[in-house]
Amino acid sequence: MRPRQRKQYTRNMKRSDDSEREKRRKRRRLLQELGEQKIPYLSPTDPGFQELWDSSYAGLALRQAGCLPDGLHEKVQSALLTLHRSGCLLRDLVRVRDRDVFTAVSRALVGQAGYTYRYLDTRLFTIPWHCEGEGGQRDEKEKPCCETDLRDACKALWELNQFFCTDVQQQTNTRGVKRSHSDTENSDDTPGEGPCEDSVKDRLKEESQQKQERLKEAQEEEDDSGQGCSHSSPPSSTPPPSLASLYQFNVTLINYMDPNAMSQLKEEPYYGMGKMAVGWHHDENLVPLSPVAVYSYSCPAEPKIEEATEKDGEGQRKEKETEGEGTSKDDGSKKEGECSKKEGRDSKKEGEDLKKEGEDAKKEGEDLKKEGEGLKKEEVEKEKICWRVGLKVAWDIHTPGLALPLQSGDCYYMTDDLNRTHQHCVLAGDTARFSSTHRVAQCCTGTLDYIQKRCSEALKNLCTDPENNSKSLCSLLPTTLQHIEDIHNEVEFEWLRQYWFQGRRYARFCSWWTKPMEQLENDWKEMERMTQLLLAVVEDENTAQENRREMADVLLNALTDRQQHRQTWRDRCQSSLAQTLPPEEAPVDRPYWSNEDPDMPLPFDLFDIISRVESLLWRM
């Protein structure tokens with residue numbers, strides 16, 4: 001491609017490329033500093049584990065399985081199994097370092113109707129919660145968009161989401177109160193009076209103000225990095241979220257993985273923690289400083305028949321011993337005389353037994369010491385076969401890592417700025433596992449409502465003559481034209497192609513997105529017509545020379561960007577990995593049409609048009 005044709009594409013992708021290069025540079029430097037050494041990490045069996053948690057990982061909170069309301073475990077676990085049986089959980093074909101790779105885990109997104117979640121250049125589209133008051137869940141034939149069992153499963157996950165919205169905020173507030181009390185007790189207050197209530201309130205108020213400041217800083221950092229929103233999307237004018245809205249989870253990313261079905265899992269490289277199901281990362285596309293709540297469910301193993309047989313055998317032996325004791329009592333009354341004759345001989349033997357008992361006691365002490373060491377080793381081995389979440393301070397080789405074992409039904413929360421300042425990974429256990437990871441997804445450019453409003457903005461510039469039904473552009477201001485072409489590209493590459501790259505898998509089990517995507521495609525076709533009208537104006541010799549050049553610049557940049565992105569998506573759809581998927585899951589290169597298609601105002605391949613506009617600019 002010619003240098004000028006690369007101009008817009010390079011400008012759009014520059015910040016993303018710079019960010020990725022910086023990550024690679026940090027990773028290389030970290031591995032070089034480590035060499036063959038490993039950074040230490042602590043588990044619950046290690047001394048100093050709790051102190052490390054409190055000092056370096058204070059934003060992490062564990063909620064054990066018993067903390068959830070009665071009946072919720074059963075609902076949620078049944079819902080996760082239903083999603084798996086329905087075929088909703090599939091491995092995503094994502095973009096990592098300019099190449100496509102399959103995720104190790106299978107996933108689906110459940111959440112507010114019309115919401116999406118974007119990660120690793122892949123946009124996932126929600127299956128709706130199906131909670132009370134959530135409308136628009138029927139197709140044109142007034143049929144529900146999902147089967148009954150799938151609707152019930154999503155509703156159960158919504159109930160879990162409601163619990164998390166309340167519990168995470170309560171836990172965060174409680175932790176803040178405890179921290180304030182602790183600070184007050186360690187201050188110079190009068191001894192014996194205890195913490196002052198006003199002092200605690202002041203500290204909580206100060207902490208809230210500090211969090212608001214960190215929230216503003218994180219929002220600015222998010223805007224500067226370009227993460228969380230599409231590269232072609234405009235900067236968001238949405239004000240920073242309030243503290244209350246930080247706890248309103250709007251989506252959950254459901255994950256499933258069976259490590260026994262995976263041919264190869266990577267070893268954790270920095271600490272030697274074991275096999276990783278998910279590598280080190282920050283969660284993307286979240287409202288800054290918002291928490292993440294995770295429910296973990298390890299599929300239970302079937303009880304072993306050998307264990308049951310062994311227990312039955314022990315019970316039968318105990319019954320026989322009891323029967324034997326009863327018989328010996330009856331016999332003892334008859335042989336009382338004979339026992340008295342043997343007492344002399346037994347007293348001599350008793351002295352020998354006492355000597356032997358002393359030797360046995362010494363040996364028993366040594367055995368107990370060995371047994372204690374063996375139990376600790378056994379606990380460590382048990383931890384390693386559990387699923388665990390690993391945490392580390394981002395790009396830090398001095399602070400020890402943390403590995404937290406998760407029992408089935410446990411939940412953990414990542415609060416405050418933990419997701420921004422730390423990275424986490426998931427370490428595989430020896431059984432299959434589901435997780436429901438609840439998030440406050442950044443929705444400034446990620447909802448159906450948002451993109452529909454953007455389409456309406458663009459189409460306002462398309463005028464129709466009531467007499468002959470001909471169409472024209474209402475405004476030819478370069479800023480207006482640039483705005484419309486940006487929307488045009490956003491609809492095509494951030495919505496239509498993202499949706500169809502997921503193949504036909506959405507429509508197989510949920511039809512909620514079918515009608516909205518059809519409408520988006522119709523709006524996009526109208527924008528193709530608007531681009532054709534702009535091309536006609538630019539090529540018209542009667543157009544004012546100064547305005548004509550500015551319009552041609554806008555058009556060339558938009559077409560160059562569009563051509564580049566279309567080729568990228570074509571390559572992704574035809575990649576060797578994409579070809580391995582079954583037809584119902586394979587990516588679809590849509591929209592696509594032949595250059596001679598009479599229903600389309602412009603050809604799919606824009607190379608000739610780009611050359612015409614470029615030549616026109618050279619002549620001006």
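**View 1. Arg497 is located in helix α11.** Helices here are DSSP runs of H or I with at least four residues, and strands are runs of E with at least two, both numbered from the N terminus. The structure is a predicted model, in which local features need pLDDT of at least 70 and side-chain atom pairs count only at pLDDT 80 or more, whereas totals for chains, interfaces and linings use all residues. Residues are numbered from 1 along each chain as its sequence is written, and side-chain values use heavy atoms, with hydrogens and water left out. Not counting residues up to four places away in sequence, Arg497 touches Glu492, Arg566, Trp569, Asp589, Arg590, Pro591 and Phe604, where contact means heavy atoms within 4.5 Å.

**View 2. Helix α10 packs with helix α11.** Two packed helices are described by the angle between their axes and the distance between the axes. For α10 (residues 448–459) and α11 (residues 478–501), the angle is about 145 degrees and the axes are 9 Å apart. Axes are lines fitted to C-alpha atoms, for helices over the stretch in contact, and angles run from 0 to 180 degrees between N-to-C directions. On the α10 side, the contact is made by Leu448, Tyr450, Ile451, Arg454, Cys455, Glu457 and Ala458. These meet His483, Ile484, Ile487, Glu490, Val491 and Trp495 of α11. By class, the residues of this contact comprise 9 nonpolar, 1 polar and 3 charged (nonpolar: Ala, Val, Leu, Ile, Met, Phe, Trp, Tyr, Cys and Pro; charged: Asp, Glu, Lys and Arg; polar: the others, Gly among them).

**View 3. Thr103 lies in strand β4.** The strand spans residues 99–111. Thr103 is buried, as its relative accessible area is 8%. Leu93 is 10 residues from Thr103 in sequence, and their C-alpha atoms are 6.6 Å apart in space. Beyond four places in sequence, Thr103 touches Arg91, Asp92, Val94 and Tyr119.

**View 4. Ile39 occupies the loop between α1 and β1.** With a relative accessible area of 4%, Ile39 is buried. Ile39 and Gly272 are separated by 233 residues in sequence, yet by 8.1 Å in space, C-alpha to C-alpha. Apart from its neighbours within four places in sequence, Ile39 is in contact with Leu34, Tyr270, Tyr271, Asp396, Ile397 and Thr399.

**View 5. Thr82 belongs to helix α3.** This helix covers residues 72–85. Thr82 has a relative accessible area of 8% and is buried. Its side chain reaches the backbone oxygen of Ser78 at 2.9 Å. Setting aside neighbours within four places in sequence, Thr82 is in contact with Asp149, Leu150 and Ala153.

Notes. Buried means under 20% relative accessible area, exposed over 50%, partly exposed in between (1.4 Å probe, protein chains only). A polar contact is a pair of N or O atoms within 3.5 Å; within protein, one must be able to donate a hydrogen and the other to accept it, and residues adjacent in sequence count only if both atoms are side-chain atoms.
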